[in-house]
Amino acid sequence: QVQLVESGGGLVQAGGSLRLSCAASGRTFSSYAMGWFRQAPGKEREFVAAISWSGHTKYYAASVKGRFTISRDNAKNTVYLQMNSLQPEDSAVYYCAARSQTTATMSISGYDYWGQGTQVTVSS
């Protein structure tokens, strides 16, 4: 069982930056691939970024590639999402997810544990 707690969301102006953190419980964090997803009002939850257990493999949605960076610190049981050049269309609730495998995936169905989400609002 893994428990995930996101933090770092908030209100930012367009062009600004935020760094989301996701703290995971459990002693086997390093064996889980991790992902970030987001859901805007009235829309389906969508993939944002994913990272393998080692951090060597990363995937990004086309809409965030070049602006967002996913990383992890296995010693701290934490995964991060650095978000730069934020735009109003990035506004959403951002969710952290853990996958009970070491390989990353962009598929929402590939994740077994979810956090409660953190709100990101980008004003124009």
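**Ground rules.** I number residues from 1 along each chain as its sequence is written, and my side-chain values use heavy atoms, leaving out hydrogens and water. Because the model is predicted, local features need pLDDT of at least 70 and side-chain atom pairs pLDDT 80 or more, while totals for chains, interfaces and linings use all residues.

**Overall form.** I looked up the secondary structure and found zero helices and 11 strands (helices are DSSP runs of H or I, at least four residues; strands are runs of E, at least two; both are numbered from the N terminus). The radius of gyration, taken over C-alpha atoms, is 13 Å, close to the 14 Å of the globule rule for 124 residues, so the protein is as compact as a globular protein of that length (the rule is 2.2 Å times the number of residues to the power 0.38). The C-alpha trace spans about 40 × 25 × 25 Å along its principal axes.

**Burial.** I find 47% of the 124 residues buried (under 20% relative accessible area, 1.4 Å probe, protein chains only). In strand β9, residues 92-99, seven of the eight residues are buried, so the rest of the structure largely encloses this strand.

**Partners of β9.** I then checked pairing, which takes at least two DSSP bridges between two strands. Strand β4 (residues 33-39) runs antiparallel to β9 over seven bridges. There, F37 stands opposite Y95. Strand β11 (residues 118-123) is also antiparallel to β9, with three bridges. V93 faces Q119 in β11. Strand β10 (residues 113-114) pairs with β9 in the antiparallel sense over two bridges. A98 stands opposite Y113 there.

Terms used. Buried means under 20% relative accessible area, exposed over 50%, partly exposed in between (1.4 Å probe, protein chains only).
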